[in-house]
Amino acid sequence: MQKEAAIREPLILGHKTYHDITEDVCRPIEDKAPKMWYTLFGIALIIGLYGVGCILYLLGTGIGVWGLNKTIGWAWDITNFVWWVGIGHAGTLISAVLLLFRQKWRMAINRSAEAMTIFAVFMAGLFPLIHMGRLWVGYWVLPLPNQFGSLWVNFNSPLLWDVFAISTYLSVSLVFWYIGLIPDFATIRDRAKKPLSKKMYSILSFGWSGRAKHWNRFELVSLVLAGLATPLVFSVHSIVSFDFATSVIPGWHTTIFPPYFVAGAVFSGFAMVQTLLLVMRKAMGLEAYIHTKHVEYMNIVIMVTGSIVGTAYITELFISWYSGVEYESYAFINRATGPYWWAYFSMMTCNVVSPQLMWIPKLRRSLMFTFFISIVVNIGMWFERYVIIVTSIHRDYIPAAWSMHFPSHIDIGVYIGTIGLFFVFFLLFARFFPVLALNEVKTILKGSGQSYKESPDYHKHH
Amino acid sequence: MSDKVIYVMYDDDEALKDSAKKLVSKGVKISEVFSPFPIHGIDPIIGIKNTRLGIMAFLYGITGLTVATLGMRYFMVSDWPMNIGGKPNFTYLDNMLAFVPISFEFTVLCAAHGMAITYLLRNKTLPGMPAQNPDPRTTDDKFVMEIRLNENHGITEAELDEMLKETGFFELDKKEIN
C-alpha cells in the first residue's frame, strides 16, 4: 500500500469503503434519471438538431451560406475547429500526462475529461468535413488509389498532417478511454438487475473478469498508452498550429505557434473540464470524490497555462515590432487597434487577466468563482482563435481588398449546434457510463482516503 | 478428470495478499486471483510473469513507422514527385522534414491500436464474451483466490481447509468440476 504525506489533503472525503465507491458511482446509472437530466437533454437536443439542420442546409446549398468572402476565406469554421480541438486536449493531458507523473487526483476526473475530449474532437472533426461542402467526398483526404492516375494527397501540406493527427488523436483517445471503461462496465454488469441492462453492460464489458494477469496487462497497457498519448497530445495541437504557422500570412507566420497553441489548448480544455465537473459533481452527488482540492489543482494548471498564453501574446506583439517588418507590425497593430479591437480586448482580458486571479488561494478554492472563470476562459479562447484567424487576413496587402467578416446565421447556427450536440453526447455519457474511474479510485482509497489518513495506524509501517 | 476448485473470498486486498503470501510459503499453488482493481504486488506472490505487451507495442510502432516511411516515399518521391514552390521531391531526404509529423502520428496509431487489439485478444475480452468471475461481488469490493486441488497434489483437502481457516477469509466456496 502506498503512503503519502499526512499534510496532503485527502482526495476522497468522508468514510468511504470500496463498496461505497461502487454505490456512489453506479447509483445515478441505475436509478431513474432526474427531471433535470431530461430538461437539459431536451434543450441540448433541440440546439443540436438546429445545428444539424444548419449543416444540412449548408451541404445542400454550399459554403456560400457562410459569411466568408474573397478576402476572408477562413473564419468561424476554422475558429470553431481549433476551439474544439483545444478543449479536447485537457482530457488526454489529465489521463496520460498526469498518469506518467503519478498524480492521483487525476483518477476522479480522468474518465469524464476523456469523454469530453472525445466528444470535443468529434465536434472539431465536423468543421473541416463540412467545410469541404461535399461531405461525401471526404474520403479524398486519405491516400487512396483513385481514378485520376497517380494523384495522391499532398504529404507536404500541414492540412494533411492535420488529417492524420486528428484521426490518430481521436481513435487513440477512444481506445484509451474504452480500455479503462471495461472493468467499470463489468462492475455495473455484475450489479445489474434488469435483463436488458445486464445484457447491454455485459456486451460493453467484453466479459471482463478481473483476473490477476488481466490486471497486470491492464496496468501496462494504460502506462504505454499514456506514454504514447503524451507526445501525441503535444503533437496534435502543434500540427493544428502549423496550419497557420507554415503559411506566409503576417500574424500567422509565427514560430512560437506550436508551444503557444498547446498551452492555450490545455488552458481552454481545463476550463471546460471545470465547467462540466462543477455541475456534474453536484448533480450526481460526487462531492466526496471531486472536491475543492481537485478544483484547486485544475485552477493551478489554468493559471500556469494561462500565464504561458499571456507571455506568448506579449512576445508576439513585441516580436512583430522588433522584426522591423512593416506588414508584420501592422498585423498586430491592427489587431489591437483596428476594427476588431473588441475581439482582441476580450481575448486579452479573458485569457491574460482572469487566470492571474488564481494566484489568490481563496479565489482558486472557490467553486462559484472557478465556474465563472471557466466560462470566461472558454469565451476568451474562442476569441483568441477568432482574432488570430480573422484579423490576420481581413486586411491584406492591397487595401482595395480589405474586408470585414460578419457571421451569417448559418455560421452561428452550426457553432451553437455543435455545443448542443456536445452536451447531448456528454449527458448520455453521464447517464449510462460510469463517470468516475471507480475501480481506479478504489486503488487510492487507502492511500488518500480521509478516513484512512486520519486513522491512528496510517503512519505505522507495514 | 474431476477436480475440486476452492474459491476463498476476502473483503480486503491486503488480507488477500497476506494470506496468499502465507499459503504460497506453505507450498500451496494459487491458480487465480479475481479482484475489482489491481492488487499491487500480488503478481510475484502467485507467480504471474510480467506481461510482454510493451514489446509488442514497440514492434507495432516500428511497423507503423516503416509503413509510413515507405508509403510517403512511394507517394511523394517515386510515384508522383510534386514540385511545390520550387522545392522538388527528388529524394526522400530532400523532403524528410515534411514527413516527420505523419511518420510520428502513424507510429503512434499503429502502436496504440496494435497493442490494444493484442491486449483484448490475449485477455479474451471481446464483445459478447461471457464473464468468468466466480462471484459478482469480485467487481465490487470482494477479492477471490482460486485454488485447485489437482494443482496441489501434496496437500489434502483437510490440510488446505485448516490453512485457509487461519487466514481469516470472508467466505469459502467449493465446486466440483469435471
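**Domains, sheet and chain contacts in a predicted model**

Student: What distance separates the centres of domain 1 of chain B and domain 2 of chain B?

Tutor: Chain B is divided into domain 1 (3–50 + 136–177) and domain 2 (53–123), with bounds that come from an automatic or database domain assignment. Taken over C-alpha atoms, the centres of these two domains are separated by 47 Å.

Student: On what conventions does the description rest?

Tutor: This is a predicted model, in which local features need pLDDT of at least 70, side-chain atom pairs count only at pLDDT 80 or more, and totals for chains, interfaces and linings use all residues. Residues are numbered from 1 along each chain as its sequence is written, while chains are lettered from A and ligands numbered from 1 in the order in which they are written.

Student: Which residue is the bridge partner of B:Met9 in E5(B)?

Tutor: Strand E1 (residues 3–10) of chain B runs antiparallel to strand E5 (residues 143–148) of chain B, and 6 bridges join them. In E5(B), the partner of B:Met9 is B:Val144.

Student: Which element gives the most to the side of chain B that touches chain A?

Tutor: Contact requires C-beta atoms, placed from the backbone, to lie within 7 Å. In these terms, 58 residues of chain B are in contact with 54 residues of chain A. Elements of chain B that each supply at least two residues to this side are strand E2 (32–34) and helices H2 (42–46), H3 (53–79) and H4 (96–123). With 18 residues, the element that gives the most is H4(B).

Student: Why are H3(A) and H4(A) described as roughly antiparallel?

Tutor: The axes of helix H3 (residues 76–100) of chain A and helix H4 (residues 106–131) of chain A come within 7 Å and cross at roughly 155°. Axes are lines fitted to C-alpha atoms, for helices over the stretch in contact, and angles run from 0 to 180 degrees between N-to-C directions. Angles under 35 degrees count as roughly parallel, over 145 as roughly antiparallel, 65 to 115 as roughly perpendicular and the rest as oblique. Therefore H3(A) and H4(A) are roughly antiparallel, given their crossing at roughly 155°.

Technical notes: Helix = DSSP H or I, 4+ residues; strand = E, 2+ residues; numbered from the N terminus. Contact = placed C-beta atoms within 7 Å. Pairing = 2+ DSSP bridges.
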